[in-house]
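Biologist: I would like to learn how to read a model like this one, feature by feature. Could we go through it together?

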Amino acid sequence: GLSSAFAVAGCRCPFSCGRHPIALQLWSINKIMWKTMSPEEVFDKIREIGFDGVEFAGYNGKSAKEIRKLLKDAGLRGMGAHVGGNANYTGDKLKANLDFCAEAGLESLTNPWAKFETADAWKKFGEDMGKAAETAQAWNIPVSFHNHFHEFTMKYDGVCAWDLIFQNSSP
């Protein structure tokens, strides 16, 4: 019936279903995003099909103010950003990324990729990401790591990389 149609459309219904918002990871449409359609057209389509927000994978040179306006005009939330490179999660680069997210209205910051060859490197990555998450609390922006299969298949003395990350990160 009508309520199931609303559910499929992203539940913008008046029935207070209490569902969590759903965002589209823009990397999944990277062949068109910033390339074959304007970001305004893309964002309007994303909202039209029922998504509540987006997760960025690059900004195509747009400023934080421009990103905020794109989101506002389309009625979308900036639910996150994938920013690659471990150096982006330490020191001044981390702070610059958090400032950008805050100004753009992006709600989280995610490291989309890491791969190391030694247990010590995975441990250091866990420490660095833990420190980044602690630093980001001042911005009220969660920092996370987007994992892939290799974090579970790469093992060091029987311990997978995934466990090494979290054993060495902060709570």
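Biologist: Let me begin with a pair of residues: are Trp122 and Phe125 buried or exposed?

Modeller: First, the general idea: buried means under 20% relative accessible area, exposed over 50%, and partly exposed in between, with a 1.4 Å probe and protein chains only. Here, both Trp122 and Phe125 are buried. Please keep in mind that this is a predicted model, where local features need pLDDT of at least 70 and side-chain atom pairs count only at pLDDT 80 or more, while totals for chains, interfaces and linings use all residues. Residues are numbered from 1 along each chain as its sequence is written, and side-chain values use heavy atoms, with hydrogens and water left out.

Biologist: What is the order of the elements in the protein chain from the N terminus on?

Modeller: Helices (H or I, at least four residues) and strands (E, at least two) are DSSP runs, numbered from the N terminus. The protein chain has 7 helices and 7 strands, in the order α-β-α-β-α-β-α-β-α-β-α-β-β-α. Its C-alpha trace spans about 55 × 40 × 35 Å along the principal axes.

Biologist: Back to the rings: what kind of aromatic pair do Trp122 and Phe125 form?

Modeller: Rings of Phe, Tyr and Trp (its six-membered ring) pair if their centres lie within 6.5 Å; planes under 30 degrees apart count as stacked, over 60 as edge-to-face and the rest as tilted. The whole structure holds 9 aromatic pairs. Phe116 and Phe125 make a tilted one, with 5.5 Å centre to centre and 45° between the planes. Trp122 and Phe125 make an edge-to-face pair, at 6.3 Å and 85°. These two are 3 residues apart in helix α5 (residues 119-136), so about one helical turn separates them. Elsewhere, Phe43, Phe56, Tyr59 and Phe100 form one aromatic cluster.

Biologist: Where is Phe116 found, and what does Phe116 contact beyond its sequence neighbours?

Modeller: Contact means heavy atoms within 4.5 Å. Phe116 is in the loop between β4 (109-111) and α5, yet counts as buried because its relative accessible area is 18%. Leaving aside neighbours within four places in sequence, Phe116 touches Asn86, Ala121, Trp122, Phe125, Met154 and Tyr156.

Biologist: Which residues have the most contacts inside the largest nonpolar core?

Modeller: In soluble globular proteins, nonpolar side chains tend to be buried together. A nonpolar core is a set of buried Ala, Val, Leu, Ile, Met, Phe, Trp, Tyr and Cys residues joined through side-chain atoms within 4.5 Å. The largest one here has 42 residues, and those with the most contacts inside it are Phe43, Phe56, Ile67, Leu106 and Trp122. Elements that each supply at least two residues of this core include α2 (39-48), β2 (53-56), α3 (64-74) and α5. Not counting residues up to four places away in sequence, Ile67 touches Trp34, Phe56, Tyr59, Lys62, Phe100, Ala104 and Leu106.

Biologist: Which value does phi take at Asn140, and which at Asp157?

Modeller: Phi of Asn140 is near 60°, positive in a residue other than glycine. Asn140 lies in the loop between α5 and β5 and is exposed, with a relative accessible area of 68%. Phi of Asp157 is near 50°, again positive in a residue other than glycine. Asp157 sits in the loop between β6 (155-156) and β7 (159-160), exposed at 84%.
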